[in-house]
Amino acid sequence: MATRQKIAIIGVGLLGGSLALALKKKKGLELVGWNHRASSRKKASHLLQVVSTLEKAIQNADVIIICSHSSTVLPLLKQIGGLVKGQTLIMDVSSIKGQIVRAAQLIKGLENHFVPCHPMAGKEKSGSSFADALLYQNHTVFITPLSKNPKALVRKAVRFWKSVGALPVLFNAKTHDQYVALTSHLPHLLASAYVQLYGLQTKRSQSISVAAGSGFKDFTRIAASNPAMWSDILEMNAEEVIVFLNQYRRHLTALEKQLRKGSKTYWFSFFEKGKTIRETIK
């Protein structure tokens, strides 16, 4: 009889829970989850078998996926790295890769187990109750290998993500952090700042809420994302976010000058350009 492959999911929230649902459809797998908080373990228990300790979760695991907040990845790697043996593959799903790659490469022996990853999938809602079996379907997963990762280990990571319908691509960690600073981290920062401006205005006049239409809701949707997760991300990728925040600030200053001029021709061209670029984004 073929041995069942054990997969341990560390941090069964939205991402970890969605992985559990996607993997449950496959035969020959033993799925085990663990969360730091007892209350979170209880909530996740309807998705998969949840155990009480990290050690129980990773014992004899073939694949370990760290799905907890970015700031917990390195401490967990230090714990897990000394306990795993053989061909165990460890991955993470953190939105930050540079800091994690640099630190992980200093942990002896970890290059034989850990392949850093980042799936570009998620929702503004967090927690295992929002898990979705199709969350990773046709979504890019960045794989940013350690410099000494065996090629066979990286190929194993690629196969894993393909098995849940994702589209894995190999990427340089620093370039990854630069790209997501613009496409993910800065938008979350701006959406939260903007919705807080709205909040200040509603304190002065509650009736302003009747003017909040679909455009406002679309623009601010991601401001409802998990504060703990995003405070980690912004702190860990601050350097790259600052680069684009400064560029955006200069862009806003230029727009303010144009508003004072009142040039209709300029604004038609401005919105036309934005429309054209947006229509190229799939």
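Q: What makes a residue buried, exposed or partly exposed here?
A: Buried means under 20% relative accessible area, exposed means over 50%, and partly exposed lies in between. The model we apply this to is predicted.

Q: Why is Leu83 called partly exposed?
A: Its relative accessibility is 46%. That value falls between the 20% and 50% cut-offs, so Leu83 counts as partly exposed. Leu83 sits in the loop between helix 4 (70-81) and strand 5 (89-92), and it touches Glu55 and Ile58, leaving aside residues up to four places away in sequence.

Q: Why is Lys97 called buried?
A: Lys97 has a relative accessible area of 0%. Buried means under 20%, so Lys97 qualifies. Lys97 is in the loop between strand 5 and helix 5 (98-104), and among the residues it touches are Asp92, Pro116, His118 and Asp177.

Q: What makes the pair Ser94 and Lys97 a polar contact?
A: The backbone oxygen of Ser94 is 2.7 Å from a polar atom of the Lys97 side chain. The cut-off is within 3.5 Å, so the pair counts.

Q: How do you know that the span of helix 7 agrees with its number of residues?
A: Helix 7 (residues 173-204) has 32 residues, which at 1.5 Å a residue should span 46 Å. Its end C-alpha atoms are 45 Å apart, and that agrees. Helix 7 also bends by about 55° at Ala181, and Ala181 is one of its buried residues.

Q: What caps the N-terminal end of helix 7?
A: Asn172 does: a side-chain oxygen lies 3.0 Å from the backbone nitrogen of Lys174.

Key. Residues numbered from 1 in each chain as written. Predicted model: local features only at pLDDT ≥ 70, side-chain atom pairs only at ≥ 80, totals over all residues. Heavy atoms only, no water. Helix = DSSP H or I, 4+ residues; strand = E, 2+ residues; numbered from the N terminus. Buried < 20%, exposed > 50% of the residue type's maximum accessible area, 1.4 Å probe, protein only. Contact = heavy atoms within 4.5 Å. Polar contact = N/O pair within 3.5 Å; in protein donor to acceptor, adjacent residues only side chain to side chain. Expected span 1.5 Å × (residues − 1). Bend = angle between axes of the 7 residues up to and from the residue.
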